[in-house]
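Student: Please take me through one part of this structure closely, namely its salt bridges and the places in the chain that they join.

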Amino acid sequence: MIRSIVRGIGSALPRRIMKNADFEGMVETSDEWIAQRTGIRQRHIAADDETTASLGEAAARAALDNAGLTPADIDLIVLATSTPNNTFPATAVEIQNRLGMHHGFAFDMQAVCSGFVYAITTADLYIRGGLAKRVLVIGAETFSRILDWNDRSTCVLFGDGAGALVIEAAEGEGTIADRGILAASLRSDGVHKDKLYVDGGPSTTGTVGMLRMEGREVFKHAVGMITDVIEATYSEAGITSDDLDWFVPHQANKRIIDASAKKLGIAEEKVVVTVNLHGNTSAASVPLALSVAVADGRIKKGDLVLLEAMGGGFTWGAVLLRW
């Protein structure tokens with residue numbers, strides 16, 4: 001059977017690093033308060049000349065280099081983002097042009113923080129359906145553009161960045177020992193829209209709007225929803241937490257990560273945590289964390305890796321793959 005295997009990985013971060021202490025003159029908060037409640041120590045903030053497209057392009061080029069490929073080898077670009085350069089066209093098309101790629105097709109996917117999990121699952125279906133052999137899957141965000149910098153409950157949480165994977169078709173035996181994407185589960189429920197949203201849009205206010213969040217409500221639902229899709233993915237693949245080598249969750253809040261891992265029985269040493277370095281980078285969160293763990297040698301070829309994310313909507317999902 002056809003499997004979608006990871007051929008290359010890359011990431012990109014804005015030049016500016018904003019520490020927790022930098023907020024102390026802006027809003028009523030402190031390094032200790034932020035770190036204790038979220039696990040975040042710093043985040044990267046995009047400059048005027050750094051955009052979702054430029055960060056996405058840089059991450060894509062890094063992934064292509066890592067794969068030993070060029071844009072000519074790619075059939076499709078799927079970009080997960082909630083902060084596109086323009087309302088339209090899709091920022092994926094702009095990245096396609098920046099790469100000098102004038103063949104194939106490209107589109108954006110909007111599922112907020114779950115975007116990359118949705119995107120990699122979508123790319124897998126295109127590959128297994130025979131419409132693409134190699135796909136660039138990118139998560140890129142500039143959430144700093146939609147933050148209310150006077151709202152201490154949200155402005156300290158988010159950062160900017162991009163991560164990318166090159167995935168390609170390969171023959172598999174149809175067993176859990178195969179490399180590539182092995183199982184996935186995706187969910188959404190629009191009843192929770194008002195708990196995490198942006199208060200603007202072309203069809204409603206004609207403005208970009210700013211991020212609004214009911215933090216306690218999001219936290220309350222997060223752990224249960226995360227374990228729901230992970231258990232469904234386990235069931236599809238016929239595995240348990242004991243079989244995992246690595247758990248790479250969405251990097252929103254260290255307490256949510258810890259509580260989810262504990263509920264699922266995933267050992268602490270198997271959990272990849274980068275929220276302290278990047279904050280919540282929405283759709284870029286999972287590929288950025290993956291990139292760190294691959295670069296430092298933790299994730300190796302053949303490892304069984306579980307990805308998970310939850311975002312506004314609510315949307316949530318999990319993907320199991322063998323590296």
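What follows is a walk through some of these pairs.

Tutor: This is a predicted model, in which local features need pLDDT of at least 70 and side-chain atom pairs count only at pLDDT 80 or more, while totals for chains, interfaces and linings use all residues. Residues are numbered from 1 along each chain as its sequence is written, and side-chain values use heavy atoms, with hydrogens and water left out.

A search of the whole structure finds 16 salt bridges (a side-chain nitrogen of Lys or Arg within 4 Å of a carboxyl oxygen of Asp or Glu). One of them joins Arg 15 to Asp 49, with the closest N and O atoms 2.8 Å apart. This pair links distant parts of the chain, 34 residues apart, since Arg 15 lies in the loop between S1 and strand S2 (16-19) and Asp 49 in the loop between strand S3 (42-45) and helix H2 (52-67) (helices, H or I with at least four residues, and strands, E with at least two, are DSSP runs numbered from the N terminus). Arg 15 counts as exposed because its relative accessibility is 58%, and Asp 49 is exposed too, with a relative accessible area of 53% (exposed means over 50%, buried under 20%, partly exposed in between, with a 1.4 Å probe and protein chains only).

Arg 15 also meets the side chain of Glu 50 in a salt bridge of 3.3 Å, N to O; here the two residues are 35 apart, with Glu 50 in the loop between S3 and H2. Glu 50 is buried, because its relative accessible area is 7%.

Elsewhere, Glu 57, Arg 61, Glu 94 and Arg 98 are linked in a network of salt bridges.
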